[in-house]
Amino acid sequence: MQLQHTKYEIGKYVLYTLPNESVVVQNQYGVVKVTDLRLISMLKNWENDNVRETDTEKIFNYFLEDSEEVIEFLCTYNILEEKKQRKININKISILANNKQVEELLTSLLVEEYGEVLEINNYDSNSIPLSSNEELLIVFLNPYSKKLAKMITDRQKKCENSLLIMSYVYNNNFYIDCVYSPKWISPCHHCHMGHIEAQSYLGEGNMTYQYMIDTLYSEDSNFQVEMPLNSVQKINLTNLLITNLYKLVNDFQTTQLHPEEFTNCSILDLQTLKVQKDNSIYWELCDCYE
């Protein structure tokens, strides 16, 4: 029997062994009962060894002439999926976060979800390497430093085939800018901050939030805006970051984002935990669209 060489990705599943030694396979697509001892053995080996990929030759070693039927069964129940060439070109995700707990939470989630297929890096804000092609950099700043934000944005502008998801805490809100890429000429972080600061000047009285921040900057150019976060706020903002990333990357074939959503930014009210979406626009004092 000649099978065409094909590579497969193994989806996540949970096994439950029944009293009669048959096995129930549960995944996000449904439930199926397996009675074939060879298939049970292979599924258990995949689970125990955390195997994420296989191919026709390896399956043939288990099932010989039954291999085609087994592959069809596994694909039907979404346990296997034929591996396709990536259309979303990301080969590594890098994390830059100046809050230790958020960094650890982000890293653990990204390693669990993408660690088998992507390189996951952590950067220190004091020693950020140059941007590289097909890198996605995720940034979380609390405290928010204008100087560091400018350095990160300038870094990304030097590498056309890189992506940046910039997030930060400012004026009691958590912001996620739209995905920035020099190649896409999307609004950069300075555009977002220009509009945020303009909004922060509004309010009753002479000393609004932004006037206070400007006064502090004039006294100390190294001043950083910071807000103490509780555990619930950290979990919610991390969840929003991961959700935005997942919608972008999806299965590396097609993004879940609609075309107009590529310029969406997200705002999480850290008091009410309500999320708003807004359309990012260029700031008239920024030259990133030129």
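A: What follows is a description of helix α8, with some comparison points elsewhere in the chain.

The model is a predicted one, and its chain has eight helices and 13 strands. The C-alpha atoms fill a box of roughly 80 × 40 × 35 Å along the principal axes, and of the 290 residues 43% count as buried. Among contacts between residues at least 6 apart in sequence, 66% join residues that are at least 24 apart.

Helix α8 covers residues 231-249, and its length can be checked against its residue count: at 1.5 Å a residue, its 19 residues should span 27 Å, and the end C-alpha atoms are 27 Å apart, which agrees. The buried residues of α8 are Gln-233, Lys-234, Leu-237, Thr-238, Leu-240, Leu-241, Asn-244, Leu-245, Leu-248 and Val-249. Seen down the helix axis, these buried residues fall within an arc of 160°, so they line one face of α8. An α-helix has 3.6 residues a turn, so residues three or four places apart point the same way. On the other side of α8, Ser-231 and Ile-235 are exposed.

The two ends of the helix can be described in turn. Most residues other than glycine have a negative phi.

The partner to consider next is helix α4, residues 100-114, whose axis comes within 10 Å of that of α8 and crosses it at roughly 35°. This crossing of α4 and α8 is right-handed. From α4, the residues that take part in the contact are Gln-101, Val-102, Leu-105, Leu-106, Leu-109, Leu-110, Glu-113 and Tyr-114. From α8, they meet Lys-234, Ile-235, Leu-237, Thr-238, Leu-241, Ile-242, Leu-245, Tyr-246 and Val-249. Leu-237, Leu-241 and Leu-245 are among the α8 residues that meet α4, and they are also among those counted as buried. Ile-235 meets α4 as well, although Ile-235 is exposed.

Helix α2, residues 56-63, can be read in the same way. Its residues Thr-56, Ile-59 and Phe-63 are buried, and seen down the axis of α2 they fall within an arc of 65°, so they line one face of the helix. What covers the buried residues of α2 includes β1, α1, β5, α3 and β6. At the start of α2, a side-chain oxygen of Asp-55 reaches to within 3.1 Å of the backbone nitrogen of Glu-57, and α2 is followed by Leu-64, whose phi is positive, near 50°.

One of the elements that cover α2 is β5, and Thr-54 lies in this strand, residues 53-55. Thr-54 is buried, with a relative accessible area of 5%. Leaving out residues up to four places away in sequence, Thr-54 touches Thr-6, Lys-7, Tyr-8, Ile-10, Trp-46, Ile-59 and Leu-80.

Another buried position is His-189, in helix α6, residues 189-200, where the relative accessible area is 3%. Apart from neighbours within four places in sequence, His-189 is in contact with Tyr-144, Ala-149, Thr-153, Met-166, Tyr-168 and Asp-177. With Asp-177 there is a polar contact between the two side chains, at 2.8 Å. Asp-278 is 89 residues from His-189 along the chain, and the C-alpha atoms of the two are separated by 14 Å.

Some loops also hold backbone features of interest. Glu-21, in the loop between β2 and β3, has a positive phi of about 75° although it is not a glycine. Asn-78, in the loop between α3 and β6, has a phi near 55°, also a positive value in a residue other than glycine, and Asn-78 is partly exposed, with a relative accessible area of 36%. In the loop between β9 and α5 lies Pro-143, and the peptide bond from Asn-142 to Pro-143 is cis, with omega near 20°. Most peptide bonds are trans.

Definitions and conventions:
Residues are numbered from 1 along each chain as its sequence is written. This is a predicted model: local features need pLDDT of at least 70, side-chain atom pairs count only at pLDDT 80 or more; totals for chains, interfaces and linings use all residues. Side-chain values use heavy atoms; hydrogens and water are left out. Helices (H or I, at least four residues) and strands (E, at least two) are DSSP runs, numbered from the N terminus. The expected span of a helix is 1.5 Å times one less than its number of residues. Buried means under 20% relative accessible area, exposed over 50%, partly exposed in between (1.4 Å probe, protein chains only). The arc is that of the directions from the helix axis to the C-beta atoms. Axes are lines fitted to C-alpha atoms, for helices over the stretch in contact, and angles run from 0 to 180 degrees between N-to-C directions. A crossing is left-handed if the near helix is turned anticlockwise from the far one by less than a right angle, and right-handed if clockwise. Contact means heavy atoms within 4.5 Å. A polar contact is a pair of N or O atoms within 3.5 Å; within protein, one must be able to donate a hydrogen and the other to accept it, and residues adjacent in sequence count only if both atoms are side-chain atoms.
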